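Visitor: I would like to learn how to read a few features of a model. Where do we start?

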Amino acid sequence: MQFGMPTLIENHTLQDNINLCKALGLQFIEINMNFPEYQIDKLEEIDKFYTPANDAEIYYTIHLDENLNIADFNTLIANAYLETVKRTIFLQKN
């Protein structure tokens, strides 16, 4: 079994979260997409996430925004949420 931690609001940077994760002997960080710094456009800057995680020998999991509703009655909103989910699924290092 592997143990990890969520991104913590009191840690101001990704590196702060990585440092705490390593200090606690954990294997992963759950990236919370509710935070502005972890929106899909930021996550797609994959090297900013991949390199520090690789250096620290940890990995990430993704926590989608709790408000994400792909069944919203407003199709514009539902489509935006669906696009976010699709782009999140396909995040990868090229």
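Guide: With burial: a residue counts as buried when its relative accessible area is under 20%. This model is predicted. In it, Phe35 and Tyr38 are both buried.

Visitor: Is Thr88 buried or exposed?

Guide: Thr88 has a relative accessible area of 10%, so it is buried. Thr88 sits in helix H4, residues 75–89.

Visitor: Which residues does Thr88 touch, leaving out those up to four places away in sequence?

Guide: Thr88 touches Met33, Ile40, Ile62 and Leu64.

Visitor: How many aromatic pairs does the structure hold?

Guide: There are four aromatic pairs. To class a pair, look at the angle between the ring planes: under 30 degrees counts as stacked, over 60 as edge-to-face and the rest as tilted. The ring centres of Phe35 and Tyr38 lie 6.3 Å apart with the planes at 40 degrees, so this pair is tilted.

Visitor: Which residues form one aromatic cluster?

Guide: Phe35 and Tyr38 belong to one aromatic cluster together with Phe49 and Tyr60.

Visitor: And how is a pocket read?

Guide: Rolling a probe the size of a water molecule over the atoms shows where empty space is left. Here the largest pocket has a volume of about 290 Å³. It is lined by 16 residues, of which Ile46, Phe49, Tyr50, Tyr60 and Leu91 are the closest to its centre.

Visitor: Which helix and which strand each supply at least two residues of that lining?

Guide: Helix H3 (47–56) and strand E3 (59–63) do. By type, the lining of the largest pocket has 11 nonpolar residues, four polar and one charged.

Note on methods: Residues numbered from 1 in each chain as written. Predicted model: local features only at pLDDT ≥ 70, side-chain atom pairs only at ≥ 80, totals over all residues. Heavy atoms only, no water. Helix = DSSP H or I, 4+ residues; strand = E, 2+ residues; numbered from the N terminus. Buried < 20%, exposed > 50% of the residue type's maximum accessible area, 1.4 Å probe, protein only. Contact = heavy atoms within 4.5 Å. Phe/Tyr/Trp six-rings, centres within 6.5 Å; stacked < 30°, edge-to-face > 60°. 1 Å grid on protein atoms, 1.4 Å probe; cavity = no way out; pocket = protein on both sides within 12 Å on 5 of 7 lines; lining within 4 Å. Points joined across faces, edges and corners; volume = space filled by probe spheres on them. Nonpolar A, V, L, I, M, F, W, Y, C, P; charged D, E, K, R; others polar.
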